[in-house]
Amino acid sequence: MSESSSVSNETPLPEEEPSFVIDAYERRWMQVSAALLVGFLAVVTISGFMMGIQVSGAEQEVDPSTFTDAEPWSSPGLREVEPGYYKAYVIARTWSFEPAKLEVPVGSKVDIYVTSPDLQHGFKITDTNVNMQIVPGQVSKLTYTFDTVGTFPYICHEYCGKGHAGMVGKVEVVNASSTDTSQSEDDS
Ligand code: CUA
């Protein structure tokens, strides 16, 4: 204590030096890093809340061991809500999709629900932005409007065992006139 008082008596410092100096080059990098963070945050905010681009979340929870006993999962497939609007229920299991084919008229909006009774799978529809992780016990949901006639394969894109590579199905988007929207034929 006596030491510190003696120091302050003897050395009055007119100009205090900063304890460290940031080089101009280093400062520029810090500015760029901060600008990138702000930029990315803005992109995420705008895409998520203004453009509606969201990661698919758990829409609903189900019991993986019993959900196939009750509707709609006891008969997965398409349900017509109204002309041009469908709900699709797809079960992803080792190692297939049920159903393996969904046929909708061009221009249809489809709410796609997918869940799994066994392992974690993936559900990606080729050439669309439909891309979901399928977790047992959770129902993943995305809505997509199929505006182009054609075949859009869906695949499992999370490795789930020896049959993973064969886990495929497809959405057939057809001209409105050639669609039979009733499910009776597909249920056989
Ligand atoms: Cu299911 Cu990979």
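Pro83 sits in the loop that links β2 and β3 (85-93), where helices (H or I, at least four residues) and strands (E, at least two) are DSSP runs numbered from the N terminus. With 11 C-beta neighbours inside 10 Å, Pro83 counts as exposed; a residue is called exposed if 12 or fewer other C-beta atoms lie within 10 Å of its own, buried if 20 or more do, and partly exposed in between, with C-beta atoms placed from the backbone. The C-alpha atoms of Pro83 and Ser108 are separated by 8.2 Å, although the two residues are 25 residues apart along the chain. This is a predicted model, in which local features need pLDDT of at least 70 and side-chain atom pairs count only at pLDDT 80 or more, while totals for chains, interfaces and linings use all residues. Residues are numbered from 1 along each chain as its sequence is written.

**Confidence**

- The average pLDDT of the chain is 86, and 82% of the residues score at least 70; pLDDT is the predictor's confidence in each residue, from 0 to 100.
- Over residues 1-6 the pLDDT stays under 50, and the model has zero contacts beyond four places in sequence for this stretch, a contact being two residues whose C-beta atoms, placed from the backbone, lie within 7 Å.
- Residues 181-188 also have a pLDDT below 50, but this stretch has seven contacts in the model beyond near neighbours in sequence.
- Where pLDDT is low, the predicted coordinates should not be read in detail.

**Overall fold**

- The chain holds two helices and 11 strands, and along the sequence they follow the pattern α-α-β-β-β-β-β-β-β-β-β-β-β.
- Of the 188 residues in the chain, 21% are buried.
- Among contacts between residues at least 6 apart in sequence, 63% join residues at least 24 apart.

**Helix α2**

- Helix α2 (residues 24-50) has 27 residues and reaches 37 Å from its first C-alpha to its last, close to the 39 Å expected at 1.5 Å a residue; the expected span is 1.5 Å times one less than the number of residues.
- The helix α2 is hardly covered, since the count of buried residues among its 27 residues is zero.
- After α2 comes Gly52, whose phi is positive, near 75°.

**Nonpolar core**

- The largest nonpolar core has 27 residues, of which Ala88, Val90, Ala92, Val104, Ile112, Val114 and Phe123 touch the most other members; such a core is a set of buried Ala, Val, Leu, Ile, Met, Phe, Trp, Tyr and Cys residues joined through C-beta atoms within 7 Å.
- At least two residues of this core come from each of β3, β5, β6 (108-115), β7, β8, β9 (138-146) and β11 (168-174), and the largest share, six residues, is supplied by β3.
- Leaving aside residues up to four places away in sequence, Val104 touches Leu78, Tyr86, Val110, Phe146, Val171 and Val173.

**The five-strand sheet**

- Five strands form an open sheet in the order β5-β11-β10-β7-β8, with mixed pairing, where two strands pair if DSSP finds at least two bridges between them.
- The strands β5 and β8 stand at the edges with a single partner strand each, so one side of each is left without a neighbour in the sheet.
- The twist averages 20° from one strand to the next, with axes taken as lines fitted to C-alpha atoms, for helices over the stretch in contact, and angles running from 0 to 180 degrees between N-to-C directions.
- Five bridges pair β5 with β11 in the parallel sense; across this pairing Val104 stands opposite Val173 in β11, and the bridge partner of Pro105 in β11 is Val174.
- Strand β10 (residues 150-155) runs antiparallel to β11 and is joined to it by six bridges, and Ile155 stands opposite Val168 in β11.

**Backbone exceptions**

- Most residues other than glycine have a negative phi, and most peptide bonds are trans.
- The peptide bond from Glu71 to Pro72 is cis, with omega near 0°, and Pro72 lies in the loop between β1 (58-61) and β2 (77-82).
- Another cis peptide bond joins Glu98 and Pro99, with omega about 0°, and Pro99 is found in the loop between β4 (96-98) and β5 (101-105).
- Asp127, a residue other than glycine, has a positive phi near 65°; Asp127 lies in the loop between β7 (121-125) and β8 (131-134) and is exposed, with 12 other C-beta atoms within 10 Å.
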